[in-house]
Amino acid sequence: MTLDNGKSELVYHGRKAQRADSRQRRKAILEATLRLIVKEGIRGIRHRAVAKEAAVPLAATTYYFKDLNDLISDAFTYFIEQNIDETRALREESFEVARQLTPEQLAAPAGRRQLIQQLTRFVLMHIRSQASNRDHRVIELAFKNEALRNEQLTRAVRMANQATENMIVEFFELLKLTDPVAAAQICHGTILNLEFQVLSGAVAIDSPLLERAVTLMVKGLIPATADAPATSPLLQPQDT
């Protein structure tokens, strides 16, 4: 599977399925694995438990996935594949925010205020949308935690994470920030933290605190004017 930047590729490790009915059974096993992760976490992934959840013979799970690490890794790859359209839509929506403004508008205070407002609304909508899909976020967090112990999964999670950050870097490059990579780290990290805060109940999904936090982040990354003095090189726009 090629990630959206076209450079990194996630691969399946388990036994391949050739016939249509075999592919369907393999898919059922992977989907059952994801459901078990929601219910019990990674610790619930056992051949027998997955076979029961998928309503397939135990021999089917061991045939396609002799090693549990292959099953866990392939379940992550399948999960990413199922959400690739959402990732592409997110990219287009976010880039549209920047493309709506001409270079002249982006350089003007009014245009940059408009950009900050639109980007703040977009990030808030994204966080609330992500937090509303609790099962998907639980699966993501479970895989990330397991990646700290599972070297095979570590590579896949890092590649998927890098693809997301590359997309954010590309967005900040459109805005000509001097350090779009650092800006992407700040933005991505803040979004992930706020998603977790909402999921855990520490911050309500409609809390004013959520909006204030996102607003401060966006204003900190994007100066109000193109020639505004900045306390950090990160906030200074590139020369055109």
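If you leave aside its neighbours within four places in sequence, N161 is in contact with K144 and H188. Before I go on, please keep in mind that this is a predicted model.

So where does N161 sit? You'll find N161 in helix 9.

Let me zoom out for a moment. The protein chain has 11 helices and 0 strands. Read from the N terminus on, then, the elements go α-α-α-α-α-α-α-α-α-α-α. There are 240 residues in the chain, and buried residues make up 44% of them. Now take the contacts between residues at least 6 apart in sequence: 67% of those join residues at least 24 apart.

Back to helix 9, residues 151–174. Helix 9 has 24 residues, and from its first C-alpha to its last it reaches 35 Å. That is close to the 34 Å expected at 1.5 Å a residue. Which residues of helix 9 are buried? The list is L153, A156, V157, M159, A160, A163, E165, M167, I168, V169, F171 and F172. And what do these buried residues pack against? Quite a list again: helix 4, helix 5 (84–99), helix 7 (109–132), helix 8, helix 10 (180–199) and helix 11 (208–221).

Let's pick one of those partners, helix 4, which covers residues 68–82. Helix 4 and helix 9 pack at an angle of about 10°, and their axes are 9 Å apart. Angles under 35 degrees count as roughly parallel, so that is what we call helix 4 and helix 9. Their crossing is left-handed. On the helix 4 side, the contact is made by N69, D70, I72, S73, F76 and I80. On the helix 9 side, you have Q152, L153, A156, V157 and A160. Sorted by class, this contact of helix 4 with helix 9 has 7 nonpolar, 3 polar and 1 charged residues.

Now for another pair, helix 7 and helix 10. Here the packing angle is about 45°, with the axes 9 Å apart. Helix 7 and helix 10 are therefore oblique to each other. The crossing of helix 7 and helix 10 is right-handed. Who makes the contact? From helix 7 it's V123, H126, I127, Q130 and A131, and from helix 10 it's I191, L194, E195, V198 and L199. By class, the contact of helix 7 with helix 10 has 7 nonpolar, 2 polar and 1 charged residues.

R137 is found in helix 8, residues 134–147. Is R137 buried or exposed? R137 is buried, with a relative accessible area of 4%. Not counting residues up to four places away in sequence, R137 touches Q130, E195 and L199.

To recap the two pairs: helix 4 and helix 9 have a left-handed crossing, whereas the crossing of helix 7 and helix 10 is right-handed. That's what I wanted to show you today. Thanks!

Methods: Residues numbered from 1 in each chain as written. Predicted model: local features only at pLDDT ≥ 70, side-chain atom pairs only at ≥ 80, totals over all residues. Heavy atoms only, no water. Axes fitted to C-alpha atoms, helices over the stretch in contact; angles between N-to-C directions. Helix = DSSP H or I, 4+ residues; strand = E, 2+ residues; numbered from the N terminus. Parallel < 35°, antiparallel > 145°, perpendicular 65-115°, else oblique. Left-handed = near helix turned anticlockwise from the far one by under 90°. Contact = heavy atoms within 4.5 Å. Nonpolar A, V, L, I, M, F, W, Y, C, P; charged D, E, K, R; others polar. Buried < 20%, exposed > 50% of the residue type's maximum accessible area, 1.4 Å probe, protein only. Expected span 1.5 Å × (residues − 1).
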